[in-house]
There are 2 protein chains.
Amino acid sequence: MTEYPVSGDLARLSRAKAFGGWQETWVHSARSTDTAMKFGIYLPPQADDKPCPVLYWLSGLTCTEENFIVKAGAQRYAAEHGLILVTPDTSPRGAHLPGEDESWDFGTGAGFYLNATQEPWSRHYNMYDYVLDELPTLIQSEFLTSDKAAIAGHSMGGHGALVLALRNPERYTSVSAFAPIAAPTKCPWGQKAFGNYLGEDPSSWEKYDSHLLIQKAQIHVPMRIDQGSADNFLKEQLKPELLLEAAQSVDYKLEYQTREGYDHSYFFISSFIGEHLAWHADYLKG
Amino acid sequence: MTEYPVSGDLARLSRAKAFGGWQETWVHSARSTDTAMKFGIYLPPQADDKPCPVLYWLSGLTCTEENFIVKAGAQRYAAEHGLILVTPDTSPRGAHLPGEDESWDFGTGAGFYLNATQEPWSRHYNMYDYVLDELPTLIQSEFLTSDKAAIAGHSMGGHGALVLALRNPERYTSVSAFAPIAAPTKCPWGQKAFGNYLGEDPSSWEKYDSHLLIQKAQIHVPMRIDQGSADNFLKEQLKPELLLEAAQSVDYKLEYQTREGYDHSYFFISSFIGEHLAWHADYLKG
């Protein structure tokens, strides 16, 4: 694994022109995770002249900041609508904790967008704080952005986006998810991660479970979810039906679409990311 | 490296819905290369009902059949225009020849779309025959296609596309290239590959060099080339100016565009692949 210095300044790692704008990757020393963190940023052509709103994209298990950048085809739509896309990594890397790299669904590449409370994870695995506060503060100070932000994600990242928006509705104009882990306290991925990061008391898990959080939502952020019908993880891990039932019970009107024949891959994301960005753009520029 | 049986039937390795159609990968036993060969095929929604034309895409150095599939974002446009996209690998794999895997610009991942004449390469490295004849014959027999085909590619694959179209103008309605190796007999990549695959007699190299072939073209296939101005390989390896001069000398009217600030990456390809597919579609469906 490539390692970057934990201390030191923000540094740009790459830059390529795309759809008239710039796709860049950066690394910086992050307080929340006490590691170096990489992120991608797409600056649309409009960002040359004026502050643009930001869409944060949270990726799924095993991903880095790169997957969405190269596979989603989102830059085209971001350029069309004048949106900045920010894509953080999915966990700290290089923390050298025992067990960190042993499984693909826990530790490295699987930060679950929470703040860990258990040793040894709690020092580094604080992706909730990182995505909610530290990264946006950095983006706003270093890039020309408007004060509007939205959030979206896939799978584990869909879970992260929903949780962040439900708990911080004043921070996001809109939230969308592709195939989110919609009830992590009720599925093996979530139970494994939450048990290790948060401990065995399930009451500490509730604030990271969107199907529980939605029942207490005071402000209803516009929410959109797309789910492929041929997704191998649908029944055991994702469980959108629990989120839909919970939403219905409190009259939270979310837009939910089943996409016939689509699986869990980036082919599904790329097919509908244009619709998601157009949808967010209406709120971000409204 | 994963190996597949050299003998045996065509087998589908993967299938995912994308933009209403299907992105698939297949493996088959190829005569031309005496190895198993993988290829990708995107079947647009229109292919359910009627024969669609085929665009062959040839990738660059180090690529497999997968890079274009996941990075170019081309499925969207193929679905829009009703084009089948076929993406072969860039070389035989698993031939176990000495030196095959030692460099990134020769051997595995670097077949250069030629028929090798030198030992030990000549038994396997016959990508010219594979792309021109064997693969299209297979595609036409196994999938519902129209009788129209076009060809395009990037870098080494741009070289391949131009050479195949210039030598076989009756086979392709149109040819396009992103940042092609336009004069391989005059650059280090081409000289290394041609010297090893074809031997040291430069007269045997001429039939694989588009800046030489274009001067003898009897039929002028519609040709389009896009080149990024920030491409690191432009001056030493690609040399489009030699192709442009040669074309001008015989009044071959090709469409050439310099794209300001774009580099050699898939961000460049993804930014303009939509224009290329629309351009080919006019010829393929005309």
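**Exercise 1.** Is the crossing of α3(A) and α4(A) left-handed or right-handed?

*Solution.* This is a predicted model, in which local features need pLDDT of at least 70, side-chain atom pairs count only at pLDDT 80 or more, and totals for chains, interfaces and linings use all residues. Residues are numbered from 1 along each chain as its sequence is written, chains are lettered from A and ligands numbered from 1 in the order in which they are written, and side-chain values use heavy atoms, with hydrogens and water left out.

Step 1. Two packed helices are described by the angle between their axes and the distance between the axes.

Step 2. The axes of α3 (residues 127-142) and α4 (residues 156-167) of chain A come within 11 Å and cross at roughly 60°. This makes α3(A) oblique to α4(A) (under 35 degrees is roughly parallel, over 145 roughly antiparallel, 65 to 115 roughly perpendicular, the rest oblique).

Step 3. The crossing of α3(A) and α4(A) is right-handed: the near helix is turned clockwise from the far one by less than a right angle.

Step 4. The contact (heavy atoms within 4.5 Å) involves A:Y128, A:V131 and A:L132 of α3(A), and A:V163, A:L164 and A:R167 of α4(A).

**Exercise 2.** State in what order the strands of the open sheet in chain A lie, and name the edge strands.

*Solution.* Step 1. The order of the 9 strands is β1-β2-β3-β5-β4-β6-β7-β8-β9, with mixed pairing (two strands pair if DSSP finds at least two bridges between them).

Step 2. β1 (11-18) and β9 (255-259) of chain A each pair on one side only, which makes them the edge strands.

Step 3. From one strand to the next, the twist averages 20°.

Definitions and conventions:
Axes are lines fitted to C-alpha atoms, for helices over the stretch in contact, and angles run from 0 to 180 degrees between N-to-C directions. Helices (H or I, at least four residues) and strands (E, at least two) are DSSP runs, numbered from the N terminus.
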